[in-house]
Structures are given as C-alpha cells and as structure tokens.
Amino acid sequence: MNKELANEINKHLCSNCEFLSECSDSIFNLKMDIAKIASIDVLLKVHPEKNQRDAVYKKMINYIKDHNNSFYDRYCVLCELVELKFRNKEIADIVVEMLNEVPDNYSNEYHVWELFDLLYVLGCKTNKNDYIYFADSAKFRDQDKQMLFLLFGKLKDDDYIELMLKNLDNYAINGHIISALSKYKDVKFDKYFKNFVNDERLWVKKIAKQRLNVENKS
C-alpha cells in the first residue's frame, strides 16, 4: 500500500466514526458496521488515529459484554479484537469470564481450547488464581487445557510448578507441560525430562533431548 493511498484511507476512517455509534442487532450487522469503516488489514496497515481505534474497541467490547448476544457471536468478536492487536488485561478478564460461563459437559461450540489459546496469546500475569483454578478443574477436558499449560511456561511463575508436575502422567497434556517446563532453566527440573527422551511424539522427544543435551537421532 503506497503512502498516498494510506493517507486517503486514514482520512476516510477519521471522518466516519458515526457508524460505530449505531447499535448492531447481530454479529452480521456488527461486522458490516466495522467493514464500512475499515477491514482488519486496513486497521493494521494504516494505523488510524487513536480515537478511531478506541471507537472500534469500545463497540466490540460492548458487544462481547452484552449477554443478549450468543456466546458464539461474542467469541467471534473477541477473536477479532485480539487479531486487531488489542491485547490488555480487560480482554484477558473477559476471556476468564467467558470460561466461567461455559457449562459442565459443554459442547465444542464453546471453543474452550481456543479461549485458552487466547489467554496464551494475551499472556496476562494478573489472573493467576483463575489460571490455577481452570488447570485444576474437572469441568474442562484435559485436551482443552493444552494452551493453558503452555501459558504457564510463558509466564514462568513458580506457583504453576506443582500443577504441572502433578499432571506429568496425563498424556493429553504432558507434552505441553514438558514444553512449558523447558522455559524454567533451573537444573532441578531436568529429571522430569528423562521419561520423555523416547516419547513416541517427535516434538516432545525433541524438547526432552534438547533439555538433556542428548543426541537427537530419530
């Protein structure tokens, strides 16, 4: 995109905030409202004025917080917010709230794995108690917690260690736990990698061998 075109689009963005003041009745209408102002690509490439991005942010946050909208529609808007590079504690708090909304014996339409993935992308440190509760909760399927355990490695907080070690025998998540533990450099954790040097999952085997400086021959 050349500079002239970028300036033209930016001028258009700044003169059309009124679209965002209208109420959207559905996810379709919301996306259409946003599309009248700019696509995600344009917002990322042109970097409109701060007040324009604030208007987009507030519109989308209000939609997500409105429980009259379906869980799935709110989830879709949440994903778009993160794609727009809005990544802050408020959004992490919303993800936590949505995970608390998920019912027992939930179906795939709740996108639990993806919600934990959003927490990983956001990397917010301040929701520690919620993360520990989710990781230890029987409400969520083990395979859906994979990105949550990866988040523990990203945050490198010692308060997550006990939970990770407790779940090292759980095949659904122990590969992700080993990956997370590899971020903790203290040699006292080296012993936990020994049982994974011959793991059938090549990516897990690779992590274990790299940690223990074992020659990696497949």
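Which residues have the most contacts inside the largest nonpolar core? In this predicted model, the largest nonpolar core comprises 61 residues, and those with the most contacts inside it are Leu 78, Ile 91, Leu 99, Phe 116, Tyr 131, Phe 152 and Met 164. Helix α5 (residues 71-83) gives the most to this core, contributing 8 residues. The surroundings of Met 164 were also examined. Leaving aside neighbours within four places in sequence, Met 164 is in contact with Phe 149, Phe 152, Ile 177, Ala 180, Leu 181 and Tyr 184.

Helix α6 was considered next. This helix (residues 89-101) has 13 residues and spans 18 Å from its first C-alpha to its last, close to the 18 Å expected at 1.5 Å a residue. The buried residues of α6 include Ile 91, Ala 92, Ile 94, Val 95, Val 96, Met 98 and Leu 99. In an α-helix there are 3.6 residues a turn, so residues three or four places apart point the same way. At the N-terminal end, α6 is capped by Asn 88, a side-chain oxygen of which lies 3.1 Å from the backbone nitrogen of Glu 90.

Asp 199 is located in the loop between α11 (171-181) and α12 (202-212). Asp 199 counts as buried because its relative accessibility is 11%, and the cut-off for a buried residue is under 20%. The side chains of Asp 199 and Arg 201 are joined by a polar contact of 2.8 Å. When residues up to four places away in sequence are not counted, Asp 199 touches Val 204 and Lys 205.

How values were computed: Residues numbered from 1 in each chain as written. Predicted model: local features only at pLDDT ≥ 70, side-chain atom pairs only at ≥ 80, totals over all residues. Heavy atoms only, no water. Helix = DSSP H or I, 4+ residues; strand = E, 2+ residues; numbered from the N terminus. Buried < 20%, exposed > 50% of the residue type's maximum accessible area, 1.4 Å probe, protein only. Polar contact = N/O pair within 3.5 Å; in protein donor to acceptor, adjacent residues only side chain to side chain. Contact = heavy atoms within 4.5 Å. Core = buried A, V, L, I, M, F, W, Y, C linked by side-chain atoms within 4.5 Å. Expected span 1.5 Å × (residues − 1).
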